[in-house]
Amino acid sequence: VNFKNVMTSARMKPPFGIANIGKSFRNEITPGNFIFRTREFEQMEMEFFVKPGEDEEWHQKWIDDRLQWYIDLGISPDNLRLYEHPKEKLSHYSKRTVDVEYAYNFAGTKWGELEGIANRTDYDLRVHSEGSGEDLSYFDQEANERWIPFVIEPAAGLGRAFMAFLVDAYTEDEAPNSKGGVDKRVVLKLDRRLSPVKVAVLPLSKKPELSGPAEKIAADLRNFWNVDYDTSGAIGRRYRRQDEIGTPFCVTVDFDTLEDNAVTVRERDTMEQERVPLDELQGYLAQRLIGC
């Protein structure tokens with residue numbers, strides 16, 4: 001029904017897709033592995049309608065595109081693979097199904113399914129049409145023929161993807177400490193688009209002459225990004241806290257700021273610091289937070 005409504009009201013013609021996100025439920029007897037297997041979960045899925053005969057090409061395109069989506073958002077290709085469902089185990093409606101799997105390294109099994117991409121043939125529209133009496137075919141004016149679209153269906157678990165991004169981003173390395181040595185550093189190397197906080201503003205001191213300008217900087221940057229403002233503890237500890245939640249940039253306001261109208265911007269992964277004039281700060285961050 002949605003196929004026909006969208007096709008007529010939005011004046012669409014195949015190939016086109018209808019996507020949604022919402023809650024799914026399953027009668028799971030043994031939930032486990034943290035949020036990997038739960039009785040209630042968020043699912044993202046799409047039904048993409050294509051011309052019969054072009055379904056295999058479109059199916060492969062969606063397999064490739066969905067795999068690349070995870071890679072583009074920061075997951076290592078070494079931790080991803082495609083699993084082809086054996087023909088004898090395919091669902092009754094499926095011509096071919098391929099899963100994108102992630103190396104969760106659970107006890108007893110290395111790989112876990114992130115999402116499945118199925119070629120459901122014309123099963124969905126044909127069976128619905130037979131049961132309801134509603135004509136769900138498409139008339140192709142260019143070819144002067146009528147056909148029932150095939151459906152390519154990518155279906156992904158949002159919680160599983162979230163878990164994979166977290167697991168893949170978790171890193172332990174070393175960072176210099178105030179005593180001249182090094183400490184173990186926990187850092188969440190999330191793609192900047194996925195980081196919940198984009199920028200942290202950290203005044204070197206709680207004194208009003210620094211906290212005042214720092215609060216104004218944070219307020220200005222909040223017009224564009226989610227910004228944290230933190231004054232509690234030594235600056236090194238504040239850096240570590242931001243590293244642990246994946247904040248890409250820390251902006252430090254120090255006493256030199258009162259003289260040169262500039263701040264120190266620290267990048268999360270490299271820990272490199274750069275002095276940036278206040279009037280260039282927004283542009284500096286915008287160049288590095290494109291798409292965020």
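Is Asp140 buried or exposed at 11% relative accessibility? At that value Asp140 counts as buried, where buried means under 20% relative accessible area, exposed over 50% and partly exposed in between, with a 1.4 Å probe and protein chains only. The structure is a predicted model, in which local features need pLDDT of at least 70 and side-chain atom pairs count only at pLDDT 80 or more, whereas totals for chains, interfaces and linings use all residues. Residues are numbered from 1 along each chain as its sequence is written, and side-chain values use heavy atoms, with hydrogens and water left out.

Asp140 takes part in a salt bridge with Lys51, the closest N and O atoms being 4.0 Å apart; a salt bridge is defined as a side-chain nitrogen of Lys or Arg within 4 Å of a carboxyl oxygen of Asp or Glu. Because Lys51 lies in the loop between β2 and α2 and Asp140 in strand β6 (residues 138–140), the pair ties together parts that are 89 residues apart in sequence. Helices (H or I, at least four residues) and strands (E, at least two) are DSSP runs, numbered from the N terminus. Lys51 is partly exposed, with a relative accessible area of 23%.

The structure holds 28 salt bridges. One of them joins Glu42 to Lys23, with the closest N and O atoms 2.9 Å apart, and this pair links distant parts of the chain, Glu42 being in strand β2 and Lys23 in strand β1 (residues 16–25), 19 residues apart. Glu42 counts as partly exposed, at 28% relative accessibility. In another salt bridge the side chains of Asp254 and Arg275 meet at 3.1 Å, N to O, and here the distant parts that are linked are the loop between β13 and α7, which holds Asp254, and strand β15 (residues 273–277), which holds Arg275, 21 residues apart. Asp254 is buried, with a relative accessible area of 12%, while Arg275 counts as partly exposed at 31%.

Helix α2 (residues 55–72) has 18 residues and reaches 25 Å from its first C-alpha to its last, close to the 26 Å expected at 1.5 Å a residue, the expected span being 1.5 Å times one less than the number of residues. Within α2, the residues Asp55, His59, Trp62, Ile63, Arg66, Leu67 and Tyr70 are buried. Seen down the axis of α2, these buried residues fall within an arc of 125°, so they line one face of the helix; the arc is that of the directions from the helix axis to the C-beta atoms. An α-helix has 3.6 residues a turn, so residues three or four places apart point the same way. The cover over the buried residues of α2 includes β2 (40–50), β3 (80–84), β4 (96–106), β5 (109–119), β8 (150–157) and α4 (158–169), where contact means heavy atoms within 4.5 Å. Gly74, whose phi is positive, near 110°, follows α2.

Backbone geometry was also examined in several loops. A cis peptide bond, with omega about 5°, joins Pro14 and Pro15, and Pro15 is found in the loop between α1 (2–9) and β1. Thr121, a residue other than glycine, has a positive phi near 50°; Thr121 is placed in the loop between β5 and α3 (123–132) and counts as buried at 17% relative accessibility.
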